[in-house]
Each structure stands twice: as structure tokens, then as C-alpha cells.
Amino acid sequence: MDFKIKRKSVKTAVTGSRIETYPHDLQMYKIPPIDDISLQEFETLALERLTLLRTLATATTLKGLRIYSDEWNDFIISDLRNQGIKYYVRLCEKSACGTTEVDLEARRKDHIAHFILRLAYCRTEELRRWFISRELELFRMRFMAMNSDAVDKFFMLNHLYYTNISDEEKNEVIVNLRESTHHQNIDNMKFYKVKFYEVLDLVRARKVYIKGGYAYIPHKDFISVLTAQYRAHLKQSLAIAYHHLSEIEQDERLVCLLKGLHQSYAGNDYSDSKAVIPIESIDSLSVKSFPLCMRQLHENLRSAHHLKHGGRLQYGLFLKGIGVTLEDSLRFWREEFTKLMDLDKFEKQYAYNVRFNYGKEGSKKNYSPLNCLRIINGNVGPGDCHGCPFKHCDASNLKNKLKGYGYDGQAINDVVEMAKKGHYQIACSKYFDAVHNTDLGLGINHPNQYFEESQKLIKGDIKLEPKKESKPVIKKEQCIEEMDFDENF
């Protein structure tokens with residue numbers, strides 16, 4: 001099924017051949033696309049773009065990598081490859097002006113996906129700030145990967161009339177240029193001359209030479225000029241997108257997708273586990289390989305021999321996702337519950353729900369385990385023990401629980417501090433590090449992902465990194481994800 005979005009625009013819509021439409025890898029996204037695409041491609045492009053932007057956030061927020069450093073770039077490229085988003089790898093590694101069909105298709109997807117996310121992220125000030133920050137990081141990363149010829153063509157295509165200084169002028173101030181660039185090899189480096197107030201960030205950091213009201217900017221730092229322009233353009237574009245939301249959402253097929261896109265979960269849904277975990281090993285696995293939310297449920301079940309519906313749903317689907325079979329799951333729940341009730345009551349009131357989780361009753365849908373954001377945003381009432389302990393537990397109770405497990409005092413403080421600030425998934429990541437005595441800084445988005453990564457560490461599939469003495473600075477932004485779940489269950 002195809003759809004077409006029509007809207008009034010003061011700019012000319014993208015038409016013509018692809019080589020005319022997409023002559024360069026890097027775009028300023030000034031002209032919106034008018035194209036017919038399927039709903040499936042619409043959603044796929046949106047989720048792939050969102051994955052890219054979340055990877056940027058993860059590199060700095062969870063990994064603590066210095067932004068734009070080689071390690072930061074390597075992490076992003078590697079993660080995109082692992083996610084299978086090869087066209088973004090192509091665009092981020094070396095932005096240029098190729099004319100192959102692969103180049104043009106990558107630019108088309110990049111163009112459309114950017115505008116889709118504008119519609120999803122224009123709704124609130126918080127969403128707009130996150131989107132602008134990530135898009136600026138992506139823009140700067142791609143600009144810095146370009147060679148001089150690609151930069152010149154980018155300027156020409158976007159009507160940016162900046163020319164590099166002549167060799168004569170460069171030779172006149174070359175001593176000062178060397179000092180401002182920390183004595184780098186500048187013989188083959190291009191420099192641009194702009195009004196100093198266009199690059200106040202560089203002036204503030206004393207990274208440029210100033211003469212006569214002009215700042216001399218090396219090629220690699222010229223992005224500061226473009227970033228200021230691009231930021232202003234994005235702010236204005238998001239305001240326009242918000243103004244036109246009512247027109248866009250006349251198509252009811254797009255409403256739910258766009259409204260929930262910022263909370264969507266694009267990772268593995270863990271609905272079909274290839275592993276088989278014997279129920280007899282659950283007690284030992286819960287100590288190290290269960291996230292705290294599932295360890296808490298397991299311990300409550302073992303002690304009280306009962307869980308309320310929310311706990312049975314959350315824990316039961318998790319067990320299914322790690323590889324516990326239906327037969328083992330029924331035996332597990334039966335053995336616990338019949339310590340408080342007779343077998344007939346269990347079979348009549350609870351066995352049906354276990355089979356339902358595995359798609360053997362009711363609608364016979366293959367339900368997926370709940371992801372982190374679904375758990376974080378779920379309702380937790382008095383007496384319930386499901387949900388996210390980093391959100392739903394009092395800070396003192398959380399601290400006492402972790403102390404009872406015998407973890408390092410500093411590690412406990414790090415976990416509790418993140419939980420207090422509302423960074424629940426970062427707290428879970430730090431809990432993972434405390435349990436495994438490492439400093440991986442994983443981006444935990446799913447309880448079953450936690451289990452999977454833990455098993456990889458235990459089996460030696462991931463090289464164990466010892467804890468570092470210094471902790472990376474955690475920024476306010478975090479990467480959180482969600483997937484849809486049938487509310488009628």
C-alpha cells in the first residue's frame with residue numbers, strides 16, 4: 001500500500017533524476033521529498049534513522065567516548081555495521097560525490113528518513129532538543145569525513161560562498177596559524193576567513209587566529225560555521241513541521257507511528273529463542289544473568305510462592321525469551337503455586353495464562369518479552385513487585401537491596417545516583433557492570449538483552465574489561481527504546 005503526502009511549501013519539491021536530486025552525500029535537508037513509498041518502507045527508514053541517532057547518543061552517554069574522537073567514530077561505524085544499516089556506514093565513513101546507484105539510493109533513504117523524523121520529533125521542546133543535538137552531531141561527523149574537493153562541491157551546491165585564503169595570504173600569517181592550530185602540519189591545509197562572530201565557539205576555545213575582525217579557520221574546523229546555520233535551519237523547520245502536523249495526521253495510518261516513534265524499540269524482540277534453558281538452572285542464572293527487575297521477581301516468587309498478574313506477565317515472558325520451554329514453564333509455575341494452593345486451582349486459574357504467553361491459547365499470538373521502556377512506563381500498584389526497580393523502588397530500599405547482594409560500595413552509589421536522576425537504563429547498565437565486575441557500559445534496552453550479554457561474558461564470547469578507576473561523565477540524554485504490546489492481554 002502506497003501513500004503520498006502533499007503539502008504546500010515555499011521551496012521547490014525534489015523532482016528530476018536521482019543524480020540531479022542527490023549530487024552529494026551530505027545534505028542540508030532544505031527541500032522536502034515528494035515521493036511514493038510503501039508504509040513498510042516509511043517505517044523501516046524511520047527506525048533505521050532512529051537507530052543511527054541513538055547510536056550517536058550511546059557513544060557519548062553510555063560509552064563515555066570523547067565526541068568526534070577516533071574511538072567515537074569507530075564505535076558508531078562498528079555498531080551500524082552490526083545493526084546491518086550499511087548505507088549509513090557508507091555515508092558516514094567518507095562523504096563524497098559518487099554517482100553509482102548504491103550512492104544515490106543511500107542519499108535517497110537518508111533524505112526521506114530525516115524528514116520522517118522531523119514529523120515525529122517536532123511535537124515537544126524536549127524531543128526537538130534531542131533531535132537537533134543528534135542531527136548536528138551526525139552532520140559534523142559526516143562533514144569532518146569529507147576531503148577538500150567534496151567540501152568545495154558541498155559549498156557550491158548549497159550556495160555557501162566561502163573561499164579559502166590564497167597561498168600568499170597564508171604565508172603572511174603562517175606563524176600565527178601554526179600556533180592557533182597547535183603546531184599541526186598546515187602546509188597542505190586549507191584555511192577560510194570569516195567574521196569572528198560566526199565562530200564564537202572557536203574563539204572561546206582559542207582555536208583560531210583573529211586579525212582585523214576576521215577569524216582564520218582550518219578546513220577541519222569550518223564545520224563550526226555550518227553548524228550554527230544548520231541549527232537555525234533545523235529549529236525553524238521543526239516549528240514549520242509542528243504547524244503542519246494536523247494536515248499530516250489526516251492519514252490515520254501515520255498517526256500512531258509518528259506519535260510513538262521516539263519510544264519505539266528497533267532491536268531484537270526475543271520472541272523466538274534458539275537456546276533452551278532448563279528450568280533447574282534458573283536459580284543459579286538469576287544471581288548473575290538476570291537484570292535486577294527479573295531477579296527481584298524470581299526471589300519474590302521463591303519466597304512468597306505467588307506473583308500478581310503484572311509480575312507473572314513480565315517474568316513469564318522473560319523466561320520464554322531466554323529459552324524456557326512451555327513444558328518447563330508450566331512445571332516451574334505449578335511447583336511454586338501449589339505450595340499455597342491445590343493443583344486443581346492452579347490448573348483452572350493460572351495454567352491458561354502460561355499457555356497464553358506461548359501462543360497456545362486465546363488469539364494464539366506469539367507474544368514477545370517486555371522491553372525496558374515498556375516496563376519503566378508500566379503501572380505498579382501497592383504490593384506489586386514487577387516494574388523497574390530503578391524507578392519504582394525507593395532509593396534507600398534500592399541501596400539496601402544492593403548492599404545485601406554484597407556489591408562494591410562505589411558501584412552501589414553509582415547505580416543509585418543514576419536511578420535518582422531518572423536515568424533508569426543507565427542505572428541498569430551500571431548494575432550489570434557491578435555484577436560482572438567490568439566496565440562495559442552497555443546500553444541496556446531489554447531484559448533479555450541483559451541476559452544475552454551476561455551469558456556472552458560468562459562463556460568468554462566477550463573480552464572481559466576490568467573496571468576503570470575513573471568514571472565517564474554521564475550526560476543528561478539517554479537512549480531508551482520501546483516496542484508495542486497488545487494491551488488486551
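**View 1. Tyr68 lies in the loop between helix H2 (39-61) and helix H3 (70-83).** The model shown in this and the other views is predicted. The phi angle of Tyr68 is near 70°, a positive value in a residue other than glycine. Tyr68 is partly exposed, and its relative accessible area is 22%.

**View 2. His159 sits in the loop between helix H7 (148-157) and helix H8 (167-172).** Is His159 buried or exposed? With a relative accessible area of 55%, His159 is exposed. The phi angle of His159 is positive, near 55°, in a residue other than glycine.

**View 3. Three strands form an open sheet in the order S3-S5-S4.** The pairing in this sheet is antiparallel. Strand S3 (191-195) and strand S4 (209-211) are the edge strands, because each of them pairs on one side only. From one strand to the next, the twist averages 30°. S4 and strand S5 (residues 214-218) run antiparallel and are joined by three bridges. Which residue in S5 is the bridge partner of Tyr209? The partner is Tyr216. Strands of a sheet pair through backbone hydrogen bonds, either parallel or antiparallel.

**View 4. Gln296 is a buried residue in helix H15 (residues 292-304).** The relative accessible area of Gln296 is 8%. Leaving aside residues up to four places away in sequence, Gln296 touches Cys385, Pro389, Cys393 and Lys401. One of these, Cys385, is the subject of the next view.

**View 5. Cys385 counts as buried, at 17% relative accessibility.** A disulfide needs two cysteine sulfur atoms within 2.5 Å. By this rule the count comes to zero disulfides. Cys388 is in no disulfide either; the nearest cysteine sulfur, that of Cys293, is 6.6 Å away. Cys388 is buried, with a relative accessible area of 8%.

**View 6. Helix H23 covers residues 409-420 and has twelve residues.** At 1.5 Å a residue, H23 should span 16 Å, and its end C-alpha atoms are 16 Å apart, which agrees. At the start of H23, a side-chain oxygen of Asp408 comes to within 3.1 Å of the backbone nitrogen of Gln410. Just after H23, Gly422 has a positive phi of about 90°.

**View 7. The buried residues of H23 pack against helix H21 (389-392), helix H22 (395-404) and helix H24 (424-436).** Which residues of H23 are buried? They are Ala411, Ile412, Asp414, Val415, Val416, Met418 and Ala419. An α-helix has 3.6 residues a turn, so residues three or four places apart point the same way.

**View 8. The protein chain has 25 helices and five strands.** This view gives the setting for the close-ups. Along its principal axes, the C-alpha trace spans about 95 × 55 × 35 Å. Of the 489 residues in the chain, 50% are buried. Among contacts between residues at least 6 apart in sequence, 71% join residues at least 24 apart.

Terms used: Residues numbered from 1 in each chain as written. Predicted model: local features only at pLDDT ≥ 70, side-chain atom pairs only at ≥ 80, totals over all residues. Heavy atoms only, no water. Buried < 20%, exposed > 50% of the residue type's maximum accessible area, 1.4 Å probe, protein only. Helix = DSSP H or I, 4+ residues; strand = E, 2+ residues; numbered from the N terminus. Expected span 1.5 Å × (residues − 1). Contact = heavy atoms within 4.5 Å. Polar contact = N/O pair within 3.5 Å; in protein donor to acceptor, adjacent residues only side chain to side chain. Pairing = 2+ DSSP bridges. Axes fitted to C-alpha atoms, helices over the stretch in contact; angles between N-to-C directions.
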